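Biologist: Hi, I've never looked at this one before. Can you walk me through it?

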Amino acid sequence: MADNELVLVREEVEPTGPVTSDAQMIDLWLRGRSPHTRRAYAADAEQFLQALGKPLPEVRQSDVQAFVDSLATVAPNTRRRHLAVVRSLLACAWRVGYLRASVGIELRPPRQPSPPAEPALTEEEVARLIALETNPRNRVLLRVFYEVGARVSEVCALTWEDVAAQSDGTVLVTLRSKGRARVVPLPAPLSGALLALRGDADATAPVFASRRGGALTPVQAHRVVRQAAVRAEIAGDVSPNALRRAHASHALARGVPIESVAATLGHASVSTTGQYRHARAEAQLSLPL
């Protein structure tokens, strides 16, 4: 059955008289469809009506949305089919006057349960990963991912114009993502290590340059982190985002206010930051956050 068949109101379907029952409404809605489609749609419509526990004319939008939300755990294709059937039935019922309001017009897909959060790297693992990196550029890169909690796209896009040295020896870094910018202060030890990478590079040069002089790409940055993880004997596919998650988890475990962590990470909502509360905080490092 085609998806568009599910969601379009069939203009040729017209009642020959007043529609007075759900069964009559469903029969009208199914008119002109193939036997196979009629059976499949009728079964879905029956399941919908049983879940509602009331006649269609008494149904409110909140009832319909509750049914749709109950589909969150079913297979995606099944969920899409049910949603399309419900929309089509309700649209037809409203058009022929069986419903007084179009209660299905603003239906939202069911909210999907969030996947379980991956365990954060421990602080000891992060310390070992950084300590065993001997390349100065790569070591600063790892520290920026962890100590700043920056996204890989933000770090790879950094130029020296985005780095502002302060009189106290620290650095302010401007990170940009999706048209938004935020300024993040670096602790003094990391500030010094970062500035040492510049040499005679001009303001438009990338902070993290590749061997050819261009900006390090996200793929290359991923490779640096993976190789560091292998060197530190850390299992799993460790990525720049794993260091970002570790920053959030360790900061929250240390009692840093969630609003501050959200601002550092560039989260629009603290609910996103709250997903990192699964941190293990067995060890405390001297690495500042």
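Predicted model: local features only at pLDDT ≥ 70, side-chain atom pairs only at ≥ 80, totals over all residues.

Biologist: OK, switching to rings. How many aromatic pairs are there in the whole structure?

Modeller: The search finds two aromatic pairs. Take W29 and Y41: their ring centres are 5.7 Å apart and the planes sit at 25°, so this pair is stacked.

Biologist: Where in the chain do W29 and Y41 lie?

Modeller: W29 is in helix α2 (residues 22–30), while Y41 is in helix α3 (residues 35–52), so the pair ties together parts that are 12 residues apart in sequence.

Biologist: Are those two buried or exposed?

Modeller: W29 is buried, at 2% relative accessibility. Y41 is buried too, with a value of 1%.

Biologist: New topic: the largest pocket. How much space lies in there?

Modeller: About 290 Å³. For context, rolling a probe the size of a water molecule over the atoms shows where empty space is left.

Biologist: Which residues line the largest pocket?

Modeller: The lining is made up of N135, R137, N138, S210, R211, R212, L216, Q220, R223, V224 and Q227. Sorted by class, that lining has two nonpolar, five polar and four charged residues.

Biologist: Which helices supply at least two residues each?

Modeller: Those would be α7 (136–148) and α10 (218–231).

Biologist: And which one gives the most?

Modeller: α10 does, with four residues in the lining of the largest pocket.

Biologist: Is E233 buried or exposed?

Modeller: E233 counts as exposed, because its relative accessibility is 71% and the cut-off for exposed is over 50%.

Biologist: What about F208, where does that lie?

Modeller: F208 is in the loop between α9 (188–195) and α10. F208 counts as buried, with a relative accessibility of 1%. The C-alpha atoms of F208 and L194 are separated by 9.5 Å, and these two residues are 14 residues apart along the chain.

Biologist: Now H250. Which helix is that in?

Modeller: H250 is found in helix α11 (residues 240–253). It's buried, with a relative accessible area of 0%.

Biologist: So what does the H250 side chain make a polar contact with?

Modeller: With the side chain of Y146, at 2.8 Å.

Biologist: Last one, V85. Where is its place?

Modeller: V85 belongs to helix α5 (residues 76–95), and V85 is buried, its relative accessible area being 2%.

Biologist: Great, thanks. I'll go and find those in the viewer.

Terms used:
Residues numbered from 1 in each chain as written. Heavy atoms only, no water. 1 Å grid on protein atoms, 1.4 Å probe; cavity = no way out; pocket = protein on both sides within 12 Å on 5 of 7 lines; lining within 4 Å. Points joined across faces, edges and corners; volume = space filled by probe spheres on them. Nonpolar A, V, L, I, M, F, W, Y, C, P; charged D, E, K, R; others polar. Buried < 20%, exposed > 50% of the residue type's maximum accessible area, 1.4 Å probe, protein only. Polar contact = N/O pair within 3.5 Å; in protein donor to acceptor, adjacent residues only side chain to side chain. Phe/Tyr/Trp six-rings, centres within 6.5 Å; stacked < 30°, edge-to-face > 60°.
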